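Student: I've got a chain on my screen and some questions about it. Can we go through them together?

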Amino acid sequence: METVQNSNRDGYKVSIITVSYNSVKTIEQTIQSVLRQSYKNIEYIIIDGASTDGTQQVIEKYIGYLEYYISEEDNGLYYAMNKGIKKATGNIIGIINSDDWYADDSIQNIVQCFELNQDADLVYGKVVIVNEYDQKKINVPQPLDNIRWTLPIDHPSVFVKKSIYEKYGVFDTQYRIASDRELLLRFYLNNVRFVYITLL
């Protein structure tokens, strides 16, 4: 597997993970958005669930830009995310879905937020929802206290220090549709330092 050697001038190494399954219509936009980032100290990891619709062929076009890629059957979304986290070697880990994408300066802004908030363990922000008519809606996070009852943060906007996953664990795969909320609640109850970045 070929890898990309990133510049050491960028302090934080950021691991970006994409989990995919039959995402042929959207995953190329996701991949390109990661590769276009102005911040360059990024390793990109893709975990595919043995897609059968051409997704694998799209991913393989970019194989030389990926730190790690595997396509195999697995036990679901959160199981695949955990595989990605296990492979990640960055100081900071972000997870972007195979039908989402980053603005070009997203990772640079996230890293700057960590640099300005040295005690931050987790940085999160707004997301823009775009429908099939190209209409846009900005999702603003709810107050963190609401995490006891709902998911107040859009998970694609969440970036977590790897040390936090190592200390408090990864996604609990017994929760088939709510593992992301359970994970963030677990972090919150353990006084993980959440920092909100106001930039899109």
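Predicted model: local features only at pLDDT ≥ 70, side-chain atom pairs only at ≥ 80, totals over all residues.

Student: Is Asn 41 buried or exposed?

Tutor: Asn 41 sits in the loop between helix H1 (27-35) and strand E2 (42-48); helices (H or I, at least four residues) and strands (E, at least two) are DSSP runs, numbered from the N terminus. Buried means under 20% relative accessible area, exposed over 50%, and partly exposed in between (1.4 Å probe, protein chains only). Asn 41 has 9% relative accessibility, so the label is buried.

Student: Which residue's backbone oxygen does the side chain of Asn 41 reach?

Tutor: Here we want a polar contact: a pair of N or O atoms within 3.5 Å, where within protein one must be able to donate a hydrogen and the other to accept it, and residues adjacent in sequence count only if both atoms are side-chain atoms. At 3.4 Å from the Asn 41 side chain is the backbone oxygen of Tyr 12.

Student: What do the buried residues of H3 pack against?

Tutor: In helix H3 (residues 77-87), the buried ones include Tyr 78, Met 81 and Ile 85. Contact here means heavy atoms within 4.5 Å. By that rule, the buried residues of H3 pack against strand E1 (14-20), E2, strand E4 (92-95), helix H5 (162-168) and helix H6 (179-189).

Student: Which side chain does Gln 174 make a polar contact with?

Tutor: Gln 174 belongs to the loop between H5 and H6, and at 58% relative accessibility it counts as exposed. Phe 159 is 15 residues away along the chain, with 23 Å between the two C-alpha atoms. The polar partner of the Gln 174 side chain, at 3.0 Å, is the side chain of Asp 172.

Student: Zooming out, what radius of gyration does the chain have?

Tutor: The radius is taken over C-alpha atoms, and the globule rule is 2.2 Å times the number of residues to the power 0.38. With 200 residues, that puts a compact globule near 16 Å, and the chain agrees, at 16 Å.

Student: And what share of the residues is buried?

Tutor: The chain has 6 helices and 9 strands. Out of its 200 residues, the buried share is 46%.

Notes: Residues numbered from 1 in each chain as written. Heavy atoms only, no water.
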